[in-house]
Amino acid sequence: MIKNLETHLLKVPKSQRGTKLVQYLNDQFHLGTSEIKRLLEKRCCFVNGKLETFASYRLQGGEEISFSAPSSPEKEQKLQIDSESILYEDSAFLIYNKPAGYPSAPTEDPKRTNLYQVLNQYLRKRDQTSIWMVHRLDRDTSGVLLFAKRANLIESTSDLFRNREIHKSYEALVDGLLKPEQGKIISYLELKEKDKGWERWGSTMGRGKYAETDYQVLQYWEKACVVRLFPKTGRIHQLRVHLSEKQHPILGDSFYGKHFRCSLNPSRHLLHAKSISFIHPLTQQKIHVESPLPEDFKQGIKILSERKLS
């Protein structure tokens, strides 16, 4: 959870009518758009007593806002590269077990730590090798992340993704009881909203990008379940949107989920990239790599299983 928060009560002037919530809060607290958005996702803002997580919410003027902001600037924890988190490596590829809380690649904020940059620095010091991005995970998504170690493999690896020859599985702790126990979710996704540092995607009536996800429920509890997800396409936020639009958002994902049946409130969305499989383009051997569940995910399962949290 976010530490050292101080709650502030604000009365929005009528002159702020039409202003986006994220802009108004940033004008008041000067934390930066990305940080304000993160706090909104963590349920730190109430407008007229109602939880508000949408950065693009338009103020009418006259609202009463309760907003919890850090009492002192938080220092981002330094990302340390762990050799045990290198799940696979050869002369062509490296697969890393990405921790939650860090972007996969550089963002619009040059000061923000990202895995690509830190891992490249580590490899150059180790043996003068480099890596290139071929896909990404959201900042708060953990698990397997594939990098190319040769520039001439970037295009061919991207082709493997486009041709659905790279197979990935994810696990998620999901709100409510997803039924049936296994199935397929298909929709067409398009960008609904975009602001500095964030995007919101959603389904359309056939105009957007085709998105397909297979799923299988692994275990049910009273008001939550753990689900294995098999994305057949790789759209931005695909799994989060698909589950949210099925009325079963990922626990902790207050960006796409507004109402939760389960009272478990993790500090990030509990989505983990569990495995990746593909035929190595150089050796023609099958590569299959799995990532262990992170501690916060296992803790969530423990709470749901042992305490029967509803």
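Okay, hi everyone. Before I go on, this is a predicted model, where local features need pLDDT of at least 70 and side-chain atom pairs count only at pLDDT 80 or more, while totals for chains, interfaces and linings use all residues. Residues are numbered from 1 along each chain as its sequence is written, and side-chain values use heavy atoms, with hydrogens and water left out.

Next up, helix H3. Helices (H or I, at least four residues) and strands (E, at least two) are DSSP runs, numbered from the N terminus. H3 covers residues 115–127, so 13 residues, and spans 18 Å from first C-alpha to last, close to the expected 18 Å at 1.5 Å a residue. That expected span is 1.5 Å times one less than the number of residues.

Which residues of H3 are buried? Leu-115, Val-118, Leu-119, Asn-120 and Leu-123. Their cover includes strands E5 (86–89), E6 (93–98) and E8 (142–148). After H3 comes Gln-128, and its phi is positive, near 60°.

Now have a look at Ser-187 and Lys-209. Ser-187 belongs to strand E10 (residues 182–195) and is buried, at 11% relative accessibility. Lys-209 is in strand E12 (residues 209–220) and is partly exposed, at 46%. Contact means heavy atoms within 4.5 Å. Setting aside residues up to four places away in sequence, Ser-187 touches Ser-203, Lys-209, Tyr-210, Ala-211 and His-242. With Ser-203 there is also a side chain to side chain polar contact, at 3.3 Å. A polar contact is a pair of N or O atoms within 3.5 Å; within protein, one must be able to donate a hydrogen and the other to accept it, and residues adjacent in sequence count only if both atoms are side-chain atoms. Lys-209, again leaving out neighbours within four places, contacts Ser-187, Tyr-188, Leu-189 and Arg-235.

The structure holds one cavity of 30 Å³ or more. Among the residues lining the largest cavity are Glu-41, Asp-140, Arg-240 and His-269. On a 1 Å grid over the protein atoms alone, a cavity is a set of points where a 1.4 Å probe fits but cannot get out; a pocket is an open set with protein on both sides within 12 Å along at least five of seven lines, and lining residues have an atom within 4 Å of a point.

The second largest pocket holds about 260 Å³. It has 16 lining residues, and the closest to its centre are Ser-244, Glu-245, Tyr-256, Gly-257 and Lys-258. Strand E11 (198–204) and helix H5 (238–245) each give two or more residues to that lining. For these volumes, grid points are joined across faces, edges and corners, and we count the space filled by probe spheres set on the points. Thanks, that's me done!

Key
Buried < 20%, exposed > 50% of the residue type's maximum accessible area, 1.4 Å probe, protein only.
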